[in-house]
Amino acid sequence: MTETANQETAKNGTENQEIIKKRIFSGIQPSGELTLGSYMGAIRNWKALQDQYDCVYCIVDLHTITVRQNPADLRRRCMTQLAQYIACGLDPEKCILFIQSHVPEHAELSWILGCYTQFGELSRMTQFKQKSQRHADNINAGLFTYPVLMAADILLYQADLVPVGADQKQHVELCRDIATRFNNIYGNIFTIPEPFIPEVGARIMSLNRPEDKMSKSDPEGCVFLLDKPEDIKRKFKRAVTDSDGRILYNPAEKPGVSNLLAIYSAATGENMPDIIARFDGQGYGQLKSAVGDTVIEILKPIREETERLLKDKKYLEEIYKAGAERASKIARKTLLKTHKKLGFLPR
Ligand code: TYM
């Protein structure tokens, strides 16, 4: 048994049997409404894994203030995001759902890990380079040390697995490097996490600029989980394809069509050869409307359930408060362990 594994005792018939589950940690920024990209790249897997793993899912509001936010919008989005987590099928009985700023250990461990992270490592992060281009007037220190806070998120919970889209792979790899470095000096403090990146849906592209990732900053190329059916229909109808007319999966040469096929595959679970055979000989118009209709079907119950949950703020508050309490217990244990190793006097 590893120190990191979560132990539960379950009754199996007449005898007590110990079930040891591995732990998962992941999070999403409340920097905008949740998108089809974050659903297909991350949340879909969070849900699929919640029965086999001990899952901790976070709303990472500390990360979000690396870019200026309107406080009222941030508050509303955190609440909506929690409702959406639950509406997407994350069960608060099975997973810990909480808000990052409610567990101060994240910021505390982040400081410590920052002292074990090199300037050069952070300078090489693709997301930092992209974001500093996009927000050239506000290249703050938080934006630069963002991946250290992400490492703290993951390592506090001794996570074995981190389900994310492909764009976060580099950050998880840096987290592994930081943890390994720390462990090499102080012994086995942190579990070294593995990224869990889906085969299909790891990189959903923009509908109107299919060479770029689907992102909240580009509303026409992006489907939001709360979009109305008519908006989803319109966005798919206008999706950029190519003039070649053939239905083939080739992201380098046919990014638009390949993206539509990937979305369809992620939405239905069907494999690519079957999907291509099914649409073979049909026009792009038919493909776009089939993908749009499938996405509308998937998002309808999520939208309705989110709207229902948002009417019950008290319930949502109970969930995030209980989540923070449970998260804190785990996080505190790891933080105190690091304090001891570093030579800090006990509190
Ligand atoms: P964020 O908030 O940008 O995105 C949340 C998750 O959604 C995935 N994703 C996508 N997947 C496929 N296609 C897309 N177009 C797409 N857009 C987003 C992301 O890969 C991610 O999994 N730094 C993280 C948040 C974070 C975190 C963590 C994640 C903070 N701490 C600890 C894991 C563990 C971020 O900005 O994700």
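Eleven aromatic pairs are present in the structure, a pair being two rings of Phe, Tyr or Trp (its six-membered ring) with centres within 6.5 Å. This is a predicted model, in which local features need pLDDT of at least 70, side-chain atom pairs count only at pLDDT 80 or more, and totals for chains, interfaces and linings use all residues. Residues are numbered from 1 along each chain as its sequence is written, and side-chain values use heavy atoms, with hydrogens and water left out.

In one of the aromatic pairs, the ring centres of phenylalanine 128 and phenylalanine 144 are 5.0 Å apart and the planes meet at 70°, so this pair is edge-to-face (planes over 60 degrees apart; under 30 counts as stacked, the rest as tilted).

Attention now turns to the ligand. The shell around the ligand has 26 residues, and Tyr146, Asp153, Gly165, Asp167 and Ile204 come nearest; a residue is near if one of its heavy atoms lies within 4 Å. Twelve of the shell residues are nonpolar, ten polar and four charged, with Ala, Val, Leu, Ile, Met, Phe, Trp, Tyr, Cys and Pro counted as nonpolar, Asp, Glu, Lys and Arg as charged, and the others, Gly among them, as polar.

A ligand nitrogen atom is 2.7 Å from a polar side-chain atom of aspartate 153. Backbone atoms also take part: a polar one of glutamine 29 is 2.9 Å from a ligand oxygen atom, and a polar one of glycine 37 is 3.1 Å from a ligand nitrogen atom.

Methods:
Polar contact = N/O pair within 3.5 Å; in protein donor to acceptor, adjacent residues only side chain to side chain.
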